[in-house]
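This report goes through a structure by its parts. The sequence and the structure are shown first, and the description comes after them.

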Amino acid sequence: MKLEGKTAIITGGAGGLGRGIALCLAEEGADIVIADINMEAAHKVADEVKAFGRKALIVMADVTKEENARRLVQETLNAFGKIDILVNNVGAGHAEAHVTEDNLTEEDWNRVYTGGIADLTEGDWDRGYIANLKPGVFMCKAVIPYMRAQKSGKIINISSTAGRRGGGSRLPYSAMKSAVIILTQGVAMQVARDNINVNCICPGIIYTSIHEDMAKIRMRTNPKLKDVKDPRVAFEAILGMIPMRREQTPEDIGRCAVFLASEDARNITGQSINVDGGSIMS
Ligand SMILES: NC(=O)c1ccc[n+]([C@@H]2O[C@H](COP(=O)([O-])OP(=O)(O)OC[C@H]3O[C@@H](n4cnc5c(N)ncnc54)[C@H](O)[C@@H]3O)[C@@H](O)[C@H]2O)c1
């Protein structure tokens, strides 16, 4: 096992990719801290982690708030005495509904997904920033002093292939995911001498709640999909754009995270790896 005795925090650990990452890390021997705002889903993932014989701690934390990021780090230290791995996985792909008190309408969701620069509101940009950039910034700030003191650590940020190349839709999301890639490089440079590796994974297309919601938006806005009733069918309609002609899975992302968290990747830092079936080849 590559991660025996390690402690890993996974933000958004109860969701689609977060669960996949949590289980892959647990399978390789790591104890897991699931930080999330969805406690019901977090308990299910914790039970699955324990089935591997690992410890699981659940922390209710909205990591878009700095005080919660600090508390999450403290609660992890109280429980495990150290933090070896941090996976900054929280992010949102559509209207950033998780991070707002606003009741977004169908029209808002359509606008954030398809809207041109002139249509997007200040709130759309704020939500994109809060959901996708702030969590990683606050978590790095909270965890790095401890990793520096222990002279080791692995930080893995989850960006997206949307952050690799500008497209015609989801401008706030893709701009903020691009910022995650640059944040990764900057922090990696700052902590390299402390033996802390900071890398990034850019997932492609995985059928989690994000892609289910996006498929529903396409069903409303794309005339070619007007007779489609099942979002899974609308999702499958985009897989032909992938060179390898298949979707990616949470486990694909989890296995890449295991590699980056392991000593196999000890001399890899500041990098962003596409796990996307060849959609972006750079
Ligand atoms: N699904 C994809 O195809 C895809 C592709 C590229 C990148 N990503 C990225 O992967 C990450 C995870 O996406 P996913 O598809 O698993 O989404 P998801 O919606 O299935 O899971 C997100 C999880 O994060 C939790 N969460 C949301 N806001 C939170 C907050 N403020 N504090 C703590 N927890 C919070 C949710 O409760 C949920 O458990 C995101 O950063 C996303 O942008 C996903």
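## Basis

The coordinates are a predicted model. Local features are described where pLDDT is at least 70, and side-chain atom pairs count only at pLDDT 80 or more.

## Strands E1 and E2

Strand E1 covers residues 7–11, and strand E2 spans 31–36. The two run parallel and are joined by 5 bridges. Within this pairing, Ile9 has Val33 of E2 as its bridge partner. Helix H1 (16–27) takes part with E1 and E2 in a right-handed β-α-β unit.

E1 is mostly covered, with 5 of its 5 residues buried. On one side of E1 the buried residues are Thr7, Ile9 and Thr11, and on the other they are Ala8 and Ile10, so both faces are covered. E2 is largely enclosed by the rest of the structure, because 6 of its 6 residues are buried. Both faces of E2 are covered as well: Asp31, Val33 and Ala35 lie on one side, and Ile32, Ile34 and Asp36 on the other.

Helix H2 (residues 39–50) belongs with E2 and E3 to a right-handed β-α-β unit.

E1 has a further parallel partner in strand E4 (residues 85–88), to which 3 bridges join it. Here Ile9 is opposite Leu86 of E4.

## Nonpolar cores

Which members of the largest nonpolar core touch the most other members? They are Leu25, Ile32, Ile34 and Ala257, in a core of 64 residues. Two of these, Ile32 and Ile34, are on one side of E2 together with Asp36. Leaving out residues up to four places away in sequence, Ile34 touches Ile10, Gly13, Ala14, Ala22, Ala42, Val45, Ala46, Ala56 and Ile58. A second core of 8 residues is separate, and Val112, Met214, Ala215 and Phe235 are among its members.

## Shell around the ligand

There are 31 residues around the ligand, and those that come nearest are Gly12, Gly15, Gly16, Gly91 and Thr208. By type, the shell consists of 14 nonpolar, 15 polar and 2 charged residues. At least two shell residues come from each of helix H1 (16–27), strand E2 (31–36) and helix H8 (209–221). E2 therefore contributes to the shell while being largely enclosed, as 6 of its 6 residues are buried.

Most residues other than glycine have a negative phi. Arg170 has a positive phi of about 50 degrees, and Arg245 has a positive phi of about 55 degrees. Arg170 is in the loop between strand E5 (153–158) and helix H7 (171–191). Arg245 is in the loop between helix H9 (231–236) and helix H10 (250–261).

Are these arginines buried or exposed? Arg170 counts as buried because it has 22 C-beta neighbours inside 10 Å, where the cut-off is 20 or more. Arg245 counts as exposed because it has 10 such neighbours inside 10 Å, where the cut-off is 12 or fewer.

Pro203 belongs to strand E6 (residues 196–203). It is buried, because 25 C-beta neighbours lie inside 10 Å. Apart from neighbours within four places in sequence, Pro203 is in contact with Leu17, Ile158, Ser160, Gln248, Ile253, Val275 and Asp276. Pro203 and Gly5 are 198 residues apart along the chain, and their C-alpha atoms are separated by 27 Å.

Thr121 is in the loop between helix H4 (106–114) and helix H5 (122–132). It is partly exposed, because 13 other C-beta atoms lie within 10 Å. Thr121 and Asp108 are 13 residues apart in sequence, and the distance between their C-alpha atoms is 9.6 Å.

Definitions and conventions
Residues numbered from 1 in each chain as written. Near = placed C-beta within 6 Å. Helix = DSSP H or I, 4+ residues; strand = E, 2+ residues; numbered from the N terminus. Nonpolar A, V, L, I, M, F, W, Y, C, P; charged D, E, K, R; others polar. Pairing = 2+ DSSP bridges. Right-handed = clockwise from strand over helix to strand, strands pointing away. Core = buried A, V, L, I, M, F, W, Y, C linked by C-beta atoms within 7 Å. Contact = placed C-beta atoms within 7 Å.
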